[in-house]
Amino acid sequence: MAGPVAIVAAMQEELGALLAAMPDEQRVRVAGRDFWVGHLHGQAVVAVLSRIGKVAAATTATVLLERFGVRAIVFTGVAGGLGPGVRVGDVVVATKLLQHDLDASPIFPKYEVPLTGHARFAADTAISDALAAVAAGLLRDPVALLGQTVVDDFGLQAPRLHRGLLVSGDRFVSTAAESDALRRELPDALAVEMEGAAVAQVCHDYRVPFAAVRTISDRADDAAHADFLRFVAAVASRYSLAVIDAWLATLSGRAAT
């Protein structure tokens, strides 16, 4: 029998709406974390807060795989926009993930994870395609999802879906100088966060599908901290729930046919 799907976020604000939608969640505490085991749209689900940072995220992924036997991991939450045209309120679905602060040169090429031969870890194509499809549909009418007041408050006019490189590192990129440096080094990077590439590496080791969908909360510059928690609660958590909910509904629909 196939294992459950894992839904992971780094912050309580990001996952709270999803937990509220699970009708039968049961808490299992492992490694200082609460893993919520239940169902959504008839799909077995384990939802968990990874905590912030690459080590915390890798620990969480390993527990999900070893203790709960999950068949796939999807990471949701927020990120800072880097790529041109990646704006607040947009959604990025990763195709590849890289650790921007990993550098074991000259022994290994910059960004390459030693002894793996990989700097960029691929997200699962089928899951990513499905997440992108449902996200694109939801973004066509942000008012229906968020309400007019929230759309106006955050200037979420015509939010867009992006697909490409997501980069991760153990620092909150919050100055224009830092984001400019990342764009010079990794010009194809769409967004930056603090967990995804670590989970992608763990899933690669275990040969388990991984995908990441991130809402852009800021432009990773000097204003990155402004209204961050309010944005997470009012926008990102609703995006996360809507995308994951719609995706799991499609899985159930396929399973029924």
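**Figure 1. Lining of the largest cavity in the predicted model.** Helix H3 (125-139) gives the largest share of the lining of the largest cavity, three residues, helices (H or I, at least four residues) and strands (E, at least two) being DSSP runs numbered from the N terminus. This is a predicted model, in which local features need pLDDT of at least 70 and side-chain atom pairs count only at pLDDT 80 or more, while totals for chains, interfaces and linings use all residues. Residues are numbered from 1 along each chain as its sequence is written, and side-chain values use heavy atoms, with hydrogens and water left out. A cavity is a set of points, on a 1 Å grid over the protein atoms alone, where a 1.4 Å probe fits but cannot get out, and its lining residues have an atom within 4 Å of a point. The largest cavity holds about 40 Å³ of space, the volume being that filled by probe spheres set on points joined across faces, edges and corners. Its lining is formed by Val91, Ala135, Leu138, Leu139, Leu145, Tyr239 and Val243, and these divide into seven nonpolar, no polar and no charged residues, where Ala, Val, Leu, Ile, Met, Phe, Trp, Tyr, Cys and Pro count as nonpolar, Asp, Glu, Lys and Arg as charged, and the others, Gly among them, as polar.

**Figure 2. Lining of the second largest cavity.** About 30 Å³ of space lies in the second largest cavity, which is lined by Thr76, Val91, Val213, Thr215, Tyr239, Ser240 and Val243. Helix H8 supplies the largest share of this lining, three residues, and the lining as a whole divides into four nonpolar, three polar and no charged residues.

**Figure 3. The largest nonpolar core.** Leu64, Ile73 and Trp247 touch the most other members among the 78 residues of this core, a nonpolar core being a set of buried Ala, Val, Leu, Ile, Met, Phe, Trp, Tyr and Cys residues joined through side-chain atoms within 4.5 Å. Helix H8 (residues 228-256) contributes the largest share of the core, 12 residues.

**Figure 4. Two residues with positive phi.** Alanine 31, in the loop between strand E2 (26-30) and strand E3 (33-40), has a positive phi of about 55° although it is not a glycine. Alanine 31 is partly exposed, with a relative accessible area of 45%, whereas leucine 115 is exposed, at 80%; buried means under 20% relative accessible area, exposed over 50%, and partly exposed in between (1.4 Å probe, protein chains only). Leucine 115 has a positive phi of about 75°.

Conventions: 1 Å grid on protein atoms, 1.4 Å probe; cavity = no way out; pocket = protein on both sides within 12 Å on 5 of 7 lines; lining within 4 Å.
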